[in-house]
Each structure stands twice: as C-alpha cells, then as structure tokens.
Amino acid sequence: MNKIKKLIKYLLRDELTTQHRLINAILVVGIGALVFCTFFDFFVGTGIRTFWIMGLLILCFVFSLYIANVKNKPNAAGLILAVISNYFLMPFLYFLEGGKESGMPMWLTLAGLFVWLIVDGWPVFLIYIGDIILYASLLIIEYFHPEYVHKMADRKAEYIDYIFAISALIIIFGSIFKVQNRVYEKRRIELEDKERELTEMNLSLEKANEAKSIFLARMSHEIRTPINAVIGMNEMILRESAEANILNYAGSIETASNSLLSLINDILDFSKIESGLMKIIPEEYEVASLINDCYSLLDMRAKGKGLRLKLEHNEKLPSVLLGDGVRIKQIITNLLTNAVKYTDRGTITLEVDYIKKEDTRIDLVIRVTDTGRGISDEDIGGIFDSFSRADERQNRNIEGTGLGLSITKQLIDLMNGSISVKSKQGVGSEFTAVIPQTVVSREPIGNIWEKFNAGSRTGQNYRESLTAPEASILVVDDVQVNLQIIKLLLKTTQINIDTAESGRKAIELYEDNHYDLVFLDHMMPEMDGIETFDEIKKSERYKNEQTPIVVLTANAIQGADKEYMAVGFADYLTKPVQAKELEHVLIKLLPKDLVTMTE
Ligand code: ADP
C-alpha cells in the first residue's frame with residue numbers, strides 16, 4: 001500500500017507540468033477503475049473474452065504511463081491511449097458487452113471525454129470526428145445485424161451494467177476534477193505565497209533604494225563641500241602664484257579634483273536613474289548656444305592632446321527647441337569626452353543634424369566620430385552596460401568607471417531616442433544619438449561659427465569682469481572655508497563682503513546693515529537656508545525689502561533650482577561655486593548703478 005502511495009506521489013510531483021500531472025492522474029484512476037470493472041464484469045458473467053479485452057485495456061493504460069513517465073512524452077502517451085482505446089478496444093467491447101441496450105453508450109461517452117482531457121491540440125478534433133463516425137457505424141451495424149452483438153444474460157444484467165457504467169462515469173470524472181482542483185488549488189496557494197513574498201521583497205527593496213538615494217544625496221553633499229574648498233582654494237593659487245612649480249602642482253590638483261567631481265556626478269546620476277528619480281524636464285533652449293557650450297567645453301581638452309575638434313552642423317536646424325537641454329548637453333559632452341579620451345591622434349568630429357518628422361517634431365541627430373583606437377567586435381555589444389569597460393588591458397591607463405555610456409544610453413531612452421555605434425579597431429568609432437524634440441522656432445540657426453567668433457571661444461582663463469566698490473553683500477555658510485573662498489574669488493571686485501556662519505548670525509547682521517545681495521547656504525545646522533529665508537521674509541521689518549537672496553547648495557539634483565525659485569530665492573548657485581557663475585549672478589542681481597564692467 002505504501003509503495004502504491006509513493007508511486008502516486010511520484011506521478012503527481014510538483015516538477016511536472018499541469019498537463020503531464022493530469023495525464024498521470026487520469027491513467028492512475030483509469031487503471032484502478034479498469035481493474036475493479038474487470039473483476040465486477042467477471043462476476044456479472046460477461047465472459048472470458050471481456051476479461052481479455054479489459055486486460056488489454058489495462059495493459060494499454062500501463063504502456064501509456066510508461067511512455068509518459070519513463071520516456072517523458074506525456075502528449076504521445078495521451079495520443080496512443082486515445083487511439084487504441086477509442087478505435088480498437090471500444091468497438092470490440094461494444095459487440096461483446098451487449099451493444100446499445102447495455103451500459104456501452106456510457107462507456108463510449110467516457111472514452112470520448114477522455115480524449116479531450118488527455119490529448120493536446122488539434123488531434124483532439126480528428127479523434128472526435130472519428131469517434132462520431134465510429135459510434136454511428138456501430139449503431140448501424142447493430143441495427144442491420146443484431147446477431148453480431150453478444151447480448152447480456154438477461155435484462156437484469158443489462159440494467160446492472162447500465163447503472164454500473166453511469167456510476168463509473170461519475171466516479172472517474174469526479175475524481176479527475178477533484179485531482180485537478182487540488183492541483184490548481186495548490187498552485188494558487190503557492191502563487192499567493194510567492195506574491196506575498198515578492199511584495200515583501202519589493203517593499204524592503206524600495207526601502208533599501210530610498211535609503212541608498214538619501215545616502216547618495218548626503219554623500220554628494222558631504223563630498224562636494226570639501227571639493228568646493230579644494231577647487232576654490234586651488235583657483236586662488238592658480239590666479240595669484242607666479243611660481244612655475246606651484247602652478248604645476250595646482251594644475252594637477254585642478255585636474256584631479258575636477259575628475260573627482262565628475263565621478264561624483266556620474267555616481268549620483270547613475271543612482272538616480274536606477275531608483276527612477278531621474279526626470280526629463282523639457283524646457284525651451286537655443287540649439288546654437290547648446291552646441292557652442294559643448295564644443296567650448298571639449299575644445300581645450302582636445303587641443304591639449306594635440307587633437308582637432310571639428311564641428312559640422314546643418315545650418316537649417318531650427319534655432320529654438322523644446323526638450324531637456326541640460327541632459328542633451330550631458331549626452332554630447334559624454335560622447336565628446338570619450339572621443340577625446342580614447343583618441344591619440346587625428347580628428348574628432350561633432351556633427352549636428354536633424355530629421356523632420358510631423359509638423360513641430362524633429363529628430364535631433366548627434367554624431368560624434370573619432371579616429372581613435374576603436375572598439376573590438378566582441379566588446380562592442382557590452383559598452384552601454386553599467387560598469388563595463390572595453391579592453392581593460394589597453395585602456396587601463398585611461399580613467400573611467402564604465403558609467404558614462406550607460407548613463408548616456410539611459411538618458412536617451414528616457415527621452416524616447418536611440419543610440420548606435422559603429423567602430424573598427426585601430427581606425428575609429430562613430431556614435432550616433434537620435435533624440436526626438438519639439439520645434440519652438442523654425443528660424444534656422446545659420447552658421448554657428450559666425451555667431452560665436454573663434455576668439456570668444458573657450459581656452460582663455462577667466463578674469464574678473466566687474467568692480468562694485470559701493471556694493472555690500474552678505475554671504476552665509478556654516479563652513480568657514482566656503483566663506484573664505486567666495487571672499488577670495490571676489491577680492492578684485494572690491495565688493496564689501498560680510499560673512500555669517502549661521503542663520504541666526506545672518507539675521508542679526510541683516511537687521512543692522514543694508515545689503516544689496518545675500519548668498520545663503522541651504523544645508524546648515526540648527527537653522528537651515530530655507531528657515532533663515534522664511535524668517536527674514538516673515539519679519540515685519542524686512543517685509544518691504546527687495547534684497548535678492550541667492551541660495552548656495554551642494555545639492556546637484558536636477559529640478560532643485562525650480563524648487564528654490566518656488567520658495568522665493570532670486571537665483572541658485574551650485575557648489576563648488578565657479579567664479580564665472582558667481583560673477584554672472586552679481587552682474588544680474590546687483591543694482592546696475594553700483595556695477596562697473598571692466599571688460
Ligand atoms: P568609461 O568611464 O570607461 O569611459 P563609458 O561607459 O563612457 O566608460 O565607456 C565604456 C567603454 O566603451 C570604455 O571603457 C571604452 O572601452 C569604450 N569606449 C567608449 N567610447 C569610446 C570611443 N570613442 N573609442 C573607443 N572606445 C570607446
């Protein structure tokens with residue numbers, strides 16, 4: 001008994017498909033029922049021939065069980081069983097077991113129904129049509145040749161056989177449905193458990209992700225603040241020192257801190273994309289100025305390596321577009337940076353073109369071609385994956401994390417665009433990005449070179465462009481060194497600068513003095529920038545004050561500027577504060593009559 005239980009358990013084990021388990025269940029129930037019927041028929045007196053036929057039927061079921069499980073072909077087993085039992089055994093039984101007056105019509109129904117359960121796909125219909133033809137033929141033969149049918153002993157035997165066939169039909173199909181129901185119920189419970197597990201896992205993943213984002217935002221703040229100090233102080237050395245070796249050291253510090261900053265920015269972007277926080281913010285932008293910015297940014301680096309950076313653009317390109325200009329700039333800069341990084345001699349070409357789509361839609365086409373080392377066929381498939389770097393051995397001296405192209409691709413995906421690459425090792429690479437944009441102004445950009453004459457293009461060190469000896473400003477930051485940096489950066493502007501290391505101190509100073517402009521750090525202990533700002537604006541005393549307040553922040557998250565503007569800040573400066581941006585804000589926000597432009 002135990003062995004039979006074990007065998008049944010094995011035949012209904014979880015690893016099998018539902019269809020396979022169903023066929024096994026039918027075969028097991030079928031064999032049980034046939035063994036029982038054989039003995040029953042024997043005693044009712046249907047004769048030795050029936051006994052042999054039933055025996056053959058049992059063998060046929062066992063053979064199918066073998067094909068389904070040992071040969072692992074459940075569908076073939078179902079088909080064999082259906083054909084043998086329906087077309088060979090059933091017609092024999094019909095003539096031997098009393099024809100249509102007995103329980104035979106029920107047995108034929110049972111056989112016909114079996115086919116639907118155990119045969120998969122279109123053969124079911126063929127067997128069904130065959131069954132109908134066969135059943136009709138049996139009735140016709142019995143009608144014209146009743147003597148062919150071996151009648152049962154008497155009416156009583158016929159009734160018993162009839163009742164028995166009905167109850168067998170009910171029991172067999174009832175058991176099959178029960179088994180099937182149990183299988184489904186088990187699956188349903190398993191699925192429910194899995195779903196619960198997944199929801200729990202999802203929740204904890206979300207929590208971990210949130211924690212990761214908070215950690216990264218904090219870390220970016222923490223790291224950007226000291227880099228701010230390094231870059232700012234170093235800039236003062238570069239400006240003030242005349243000693244060649246000091247300038248040399250400071251130059252190295254500048255390169256290292258800038259690459260550290262870009263690494264931090266990459267990690268921040270990557271984690272934002274990963275956690276779904278990266279948003280595409282469409283704004284109107286001037287195409288010419290965007291191209292010029294990208295060109296200017298990389299031209300110096302290219303020249304530094306003895307490379308030529310060539311710009312080719314379609315002069316008919318619409319001049320103003322709607323899209324995320326900041327991210328498009330990041331994409332172009334990433335592609336150009338790679339081209340410069342992985343090219344030792346020759347030319348890098350930035351090509352900007354467009355494909356007209358419907359009315360106000362275009363596809364902006366950006367192509368960056370280089371004559372660099374190229375990428376091998378085996379590496380090219382993986383270059384857009386995170387942290388993947390092609391040809392690690394050859395490129396080991398080139399700085400990189402393998403994040404740039406992954407970020408670039410994901411940004412392009414977010415904008416519903418596409419990026420492709422063609423490359424030949426030792427010859428060069430060509431990256432093409434296609435990004436859908438909306439046209440705001442159809443006016444063609446014309447020749448960019450004429451607009452931005454070569455002289456004003458990058459490469460020159462920044463020099464102070466204003467003086468304002470009558471102007472007074474207040475700078476608030478809890479980090480002493482940051483205050484010092486701003487003071488140093490503005491030294492030659494002759495602006496009167498007061499500093500405060502806390503919000504509280506800032507309010508005190510603000511009460512006693514008049515300022516033309518205030519720079520207020522966001523993240524300060526006790527009273528942060530926003531609280532200080534609110535306090536100032538709420539106070540009756542300063543209600544009518546028009547002094548613009550600019551927020552200083554290490555929070556580089558895109559879209560933060562809009563939040564600050566919504567609070568009421570006049571502008572927004574990201575740390576590390578760049579001298580050029582700082583002075584740009586001063587020119588924009590200081591009273592015009594106090595400012596004298598020096599260049
Ligand atoms: P990395 O920080 O390593 O530059 P990227 O994601 O920007 O990371 O690039 C992935 C890899 O693709 C690089 O390590 C480099 O092997 C290859 N690659 C990218 N751009 C170029 C190019 N212009 N020429 C040759 N190889 C390139």
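This is a short tour of the structure, stop by stop, for a viewer that is already open.

The model is predicted, so local features are described only at pLDDT of at least 70 and side-chain atom pairs only at pLDDT 80 or more, while totals for chains, interfaces and linings use all residues. Residues are numbered from 1 along each chain as its sequence is written, and side-chain values use heavy atoms, with hydrogens and water left out.

**The whole chain.** Coloured by secondary structure, the protein shows 18 helices and 14 strands, which are DSSP runs numbered from the N terminus (helices H or I, at least four residues; strands E, at least two). Of the 599 residues, 45% are buried, meaning under 20% relative accessible area with a 1.4 Å probe and protein chains only.

**The largest cavity.** Next, select Leu34, Leu57, Met90, Trp107 and Leu110, which lie nearest the centre of the largest cavity among its 21 lining residues. Helices 2 (18-44), 3 (48-69), 4 (74-96), 5 (104-118) and 7 (155-240) each give two or more residues to this lining, and the largest share, 6 residues, comes from helix 5. The volume of the largest cavity is about 260 Å³.

A cavity here is a set of points on a 1 Å grid over the protein atoms alone where a 1.4 Å probe fits but cannot get out, and lining residues have an atom within 4 Å of a point.

Now move to His522, in the loop between strand 11 (517-521) and helix 16. His522 counts as buried because its relative accessibility is 15%.

**Helix 16.** Finish with residues 529-538, where the buried residues of helix 16 are Gly529, Thr532, Phe533 and Ile536. These four lie on the same side of helix 16, because they cover an arc of only 100° around the axis, judged by the directions from the helix axis to the C-beta atoms. At the start of helix 16, a side-chain oxygen of Asp528 comes within 3.1 Å of the backbone nitrogen of Ile530.

How values were computed. Buried means under 20% relative accessible area, exposed over 50%, partly exposed in between (1.4 Å probe, protein chains only). A polar contact is a pair of N or O atoms within 3.5 Å; within protein, one must be able to donate a hydrogen and the other to accept it, and residues adjacent in sequence count only if both atoms are side-chain atoms. On a 1 Å grid over the protein atoms alone, a cavity is a set of points where a 1.4 Å probe fits but cannot get out, and a pocket is an open set with protein on both sides within 12 Å along at least five of seven lines; lining residues have an atom within 4 Å of a point. Grid points are joined across faces, edges and corners, and a volume is the space filled by probe spheres set on the points.
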